[in-house]
Amino acid sequence: MLQFYQYPPCSTCKRAKSELEQLGLDFDDINIKENPPQVDVLKKWLEQSHFELKQFFNTSGQVYRDLGLKDKLATMSEKEALELLASNGMLIKRPLLVKDGELLQIGHRTSYKEL
């Protein structure tokens, strides 16, 4: 089963969701602002994927800028960073695509046709 973490007003998320629908893929649509992944889930994804911790952050987002994370992220522990991500879904780069608990993609850069 696919899980699609997205923020409804996000244009990138809208395009990705549209592609999933056009491909006829069944997925759980999860609003990342209302239901951000918990720390243990983020940690599992980080450990099992090829993504780096910084890639999980929405570095172009307002919350990221307001918190001054550009300068703070490098000195944070992994635990602190994951707790921060879990506390505010707007800090997480989106959309996220998860299949059977495994994080496949952060952001929408490639096609979903191979799913």
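Let's start with how helices α2 and α5 pack in this predicted model: their axes are 9 Å apart and meet at an angle of about 120°. Roughly perpendicular would end at 115 degrees and roughly antiparallel would begin over 145, so α2 and α5 count as oblique to each other. Their crossing is right-handed.

Which residues make this contact between α2 and α5? From α2 we have Val39, Leu42, Lys43 and Leu46, and they meet Glu78, Leu82, Glu83, Leu85 and Ala86 of α5. By type, the contact holds six nonpolar residues, three charged ones and no polar ones.

Now let's stay with α5, which runs over residues 78-87. Its buried residues are Ala81, Leu82, Leu84, Leu85 and Ala86. If you look at what covers them, you'll find α2, residues 39-48, and α4, residues 69-72, included there. A quick reminder about helices in general: with 3.6 residues a turn, residues three or four places apart point the same way.

The largest nonpolar core has 27 residues. Leu42, Trp45, Phe56, Phe57, Leu85, Leu96 and Leu103 have the most contacts inside it. The elements giving two or more residues to this core are α2, α5, and the strands β3, at 96-99, and β4, at 102-106. Which element gives the most? That's α5, with five residues.

Setting aside neighbours within four places in sequence, Leu96 is in contact with Gln3, Phe4, Tyr5, Ile32, Pro37, Trp45, Leu103, Gln105 and Ile106. There is also another core, apart from the largest one, with seven residues, among them Leu2, Phe4, Ala16 and Leu20.

Last stop, Pro36. You'll find Pro36 in the loop between β2, residues 27-31, and α2. Is Pro36 buried or exposed? Its relative accessibility is 16%, and because the cut-off for buried is under 20%, Pro36 counts as buried. Leaving out residues up to four places away in sequence, Pro36 touches Leu85, Ala86, Gly89 and Ile92.

Terms used:
Residues are numbered from 1 along each chain as its sequence is written. This is a predicted model: local features need pLDDT of at least 70, side-chain atom pairs count only at pLDDT 80 or more; totals for chains, interfaces and linings use all residues. Side-chain values use heavy atoms; hydrogens and water are left out. Buried means under 20% relative accessible area, exposed over 50%, partly exposed in between (1.4 Å probe, protein chains only). Helices (H or I, at least four residues) and strands (E, at least two) are DSSP runs, numbered from the N terminus. Contact means heavy atoms within 4.5 Å. A nonpolar core is a set of buried Ala, Val, Leu, Ile, Met, Phe, Trp, Tyr and Cys residues joined through side-chain atoms within 4.5 Å. Axes are lines fitted to C-alpha atoms, for helices over the stretch in contact, and angles run from 0 to 180 degrees between N-to-C directions. Angles under 35 degrees count as roughly parallel, over 145 as roughly antiparallel, 65 to 115 as roughly perpendicular and the rest as oblique. A crossing is left-handed if the near helix is turned anticlockwise from the far one by less than a right angle, and right-handed if clockwise. Ala, Val, Leu, Ile, Met, Phe, Trp, Tyr, Cys and Pro count as nonpolar, Asp, Glu, Lys and Arg as charged, and the others, Gly among them, as polar.
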